[in-house]
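This report goes through the overall form of a chain, then one of its elements, then selected residues. Please keep the sequence and the model in view while reading.

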Amino acid sequence: MAGFDHYTLGYLTFVLMNLTMLSGAFIFLNKNRKSFWVKMHIMLSIVTYILMVLTILLVR
């Protein structure tokens, strides 16, 4: 696997942040709080946070 530069990690993090916000909006709009979107939101949040930390460490 080729290494990721900070541009790739930055763009990927930006896309995942948008998807995380979108899944949060679906949770807010959905009446059923125990839905697929809650699990998706948690997974996206964790992955996005890890990528943000990696991007920050790579840029420093």
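## Burial in the chain

A residue is called buried when its relative accessible area is under 20%, and exposed when that area is over 50%. By this cut-off, 18% of the 60 residues in the protein chain are buried. The model is a predicted one.

The protein chain exposes about 4900 Å². Carbon and sulfur atoms supply 76% of that area.

## Overall form

The secondary structure of the protein chain consists of two helices and zero strands. Along the principal axes, its C-alpha atoms fill a box of roughly 40 × 20 × 15 Å. The radius of gyration of the protein chain is 14 Å, whereas a compact globule of 60 residues would have a value near 10 Å.

Contacts in the protein chain can also be sorted by sequence separation. Among those with a separation of 6 or more, 69% are between residues 24 or more positions apart.

## Helix 1

Helix 1 covers residues 6-29, which is 24 residues. From its first C-alpha to its last it reaches 34 Å, close to the 34 Å expected at 1.5 Å a residue.

Which residues of helix 1 are buried? They are Leu-9, Thr-13, Leu-16, Thr-20, Ser-23 and Ile-27. These buried residues pack against helix 2, residues 36-59.

Thr-13 lies in helix 1. With a relative accessible area of 7%, Thr-13 counts as buried, because the cut-off for burial is under 20%. Leaving aside neighbours within four places in sequence, Thr-13 is in contact with Thr-48, Leu-51, Met-52 and Thr-55.

Ser-23 is also placed in helix 1. Its relative accessible area is 1%, so Ser-23 is buried. Not counting residues up to four places away in sequence, what does Ser-23 touch? Its contacts are Trp-37, His-41 and Leu-44.

## An exposed position

Met-21 belongs to helix 1. Is Met-21 buried or exposed? Met-21 is exposed, because its relative accessible area is 56% and the cut-off for exposure is over 50%.

Met-21 and Ile-46 are 25 residues apart in sequence. In space, their C-alpha atoms are 13 Å apart.

Definitions and conventions
Residues are numbered from 1 along each chain as its sequence is written. This is a predicted model: local features need pLDDT of at least 70, side-chain atom pairs count only at pLDDT 80 or more; totals for chains, interfaces and linings use all residues. Side-chain values use heavy atoms; hydrogens and water are left out. Helices (H or I, at least four residues) and strands (E, at least two) are DSSP runs, numbered from the N terminus. The expected span of a helix is 1.5 Å times one less than its number of residues. Buried means under 20% relative accessible area, exposed over 50%, partly exposed in between (1.4 Å probe, protein chains only). Contact means heavy atoms within 4.5 Å. The radius of gyration is taken over C-alpha atoms; the globule rule is 2.2 Å times the number of residues to the power 0.38. Accessible areas come from the Shrake-Rupley method with a 1.4 Å probe; for residues, only the protein chains shown count as cover.
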